[in-house]
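Subject: The model, and what turned up in it

Hi,

Here is the structure I promised to pass on.

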Amino acid sequence: MDTRIVLAALVGGACAAAGAGVVTVLRAESVATPAQRESAAAPAPAPAAAAGVGRGELDALVAELRSLRDELATRRVAVTDAESAPPPSTLHGELRELRALLERRAGAAPSPELDLSSKGPRRAELFVRSSEPEPETDDNERLSKLYRLWSPQRVLDEFGAPDRVDTNDGAMCWIYSESDGAIATCFDFADGYTVDVWVGDD
């Protein structure tokens, strides 16, 4: 058989097969509903990214907590048997130990001592009163604006030691009295600051 005849037959068969495939695809496309065609054309949704903290971040946090614990341990006032135990291996254990260490340090920290050596160069201004019709109200407002949020040590430096100290419900009040005892100025403290200054009769 002639080679050209064989090649022609093969090419004709291939064309016939390709044509049949195209007809099948077009027929399936015409039968599919619009919703099916739209869903087929839409790109597949990307998989959701996994949330959470990586192991490397947890290890870095644990290392930082251990560093803080070691730094605080060098400043401990008292050493207990519990502190000689090996460090915990979990993050929860590290946090619990660090919290306990901070609580022990807060309880062992001594209160700062106040310097009472000042002679009170500004003491006289505490007894200057307004001549307005309601002097007590005006003086309370004026003094509070002047000295509010002062620290106890600053009050000592400027006015010297108080003549009397009173406490009420955990708050501390310093009372400064004029030499004849007729006029008094009072400082109320809370959390280490002056919160109110008011005048009264001693």
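Accessible areas here come from the Shrake-Rupley method with a 1.4 Å probe, and for residues only the protein chains shown count as cover. On that basis the accessible surface of the protein is about 14,600 Å², with 59% of it belonging to carbon and sulfur atoms.

Some ground rules before the details. This is a predicted model, where local features need pLDDT of at least 70, side-chain atom pairs count only at pLDDT 80 or more, and totals for chains, interfaces and linings use all residues. Residues are numbered from 1 along each chain as its sequence is written, and side-chain values use heavy atoms, with hydrogens and water left out.

**Overall layout**

The protein has six helices and four strands (DSSP runs numbered from the N terminus: helices are H or I with at least four residues, strands E with at least two). Along the sequence the pattern reads α-α-α-α-α-α-β-β-β-β. Of the 202 residues, 18% count as buried; buried means under 20% relative accessible area, exposed means over 50%, and partly exposed is in between (1.4 Å probe, protein chains only). Taking contact as heavy atoms within 4.5 Å, residues 24 or more positions apart account for 51% of the contacts with a separation of 6 or more.

The four strands form an open, antiparallel sheet in the order 1-2-3-4 (two strands pair if DSSP finds at least two bridges between them). Strand 1 (164-168) and strand 4 (193-200) are at the edges with a single partner strand each, so one side of each has no neighbour in the sheet. Neighbouring strands are turned by 25° against each other on average, direction ignored. For angles, axes are lines fitted to C-alpha atoms, for helices over the stretch in contact, and values run from 0 to 180 degrees between N-to-C directions.

Strand 1 pairs with strand 2 (residues 171-177) in the antiparallel sense over five bridges. If you want a spot to check on screen, Arg-164 stands opposite Ile-175 in strand 2.

Over in strand 3 you'll find Ala-190, which is partly exposed at a relative accessible area of 34%. Ala-190 and Cys-173 are 17 residues apart in sequence, and their C-alpha atoms are 9.2 Å apart in space.

Thr-194 sits in strand 4 and is buried, with a relative accessible area of 0%. What is Thr-194 in contact with, leaving aside neighbours within four places in sequence? The list is Tyr-147, Arg-148, Leu-149, Trp-150, Val-155, Phe-187, Asp-188 and Phe-189.

**Helix 6**

Helix 6 (residues 152-159) lies across strand 2, strand 3 (184-190) and strand 4, and runs at about 5° to strand 2. The buried residues of helix 6 are Pro-152, Val-155, Leu-156 and Phe-159. They cover an arc of only 100° around the axis, which puts them on the same side of helix 6; the arc is that of the directions from the helix axis to the C-beta atoms. Val-155 is also one of the contacts of Thr-194. After helix 6 comes Gly-160, with a positive phi near 80°.

**Salt bridges**

Side chains of opposite charge can pair when their charged atoms come close. Counting a salt bridge as a side-chain nitrogen of Lys or Arg within 4 Å of a carboxyl oxygen of Asp or Glu, the total is six.

One of them joins Arg-122 and Glu-158, at 3.5 Å from N to O. That pair links distant parts of the chain: Arg-122 is in the loop between helix 4 (91-108) and helix 5 (135-147), while Glu-158 is in helix 6, 36 residues apart. Arg-122 is partly exposed, at 29% relative accessibility. Arg-122, Glu-125 and Glu-158 are linked in a network of salt bridges.

Helix 5 has some too. Asp-139 and Arg-142 meet at 3.2 Å, N to O; the two are three residues apart in helix 5, about one helical turn. Asp-139 is buried at 1% relative accessibility, whereas Arg-142 is partly exposed at 31%. Glu-141 forms a salt bridge with Lys-145, with the closest N and O atoms 3.3 Å apart, and these two are four residues apart in helix 5, again about one helical turn. Glu-141 is partly exposed at 44%, and Lys-145 is exposed at 61%.

Cheers
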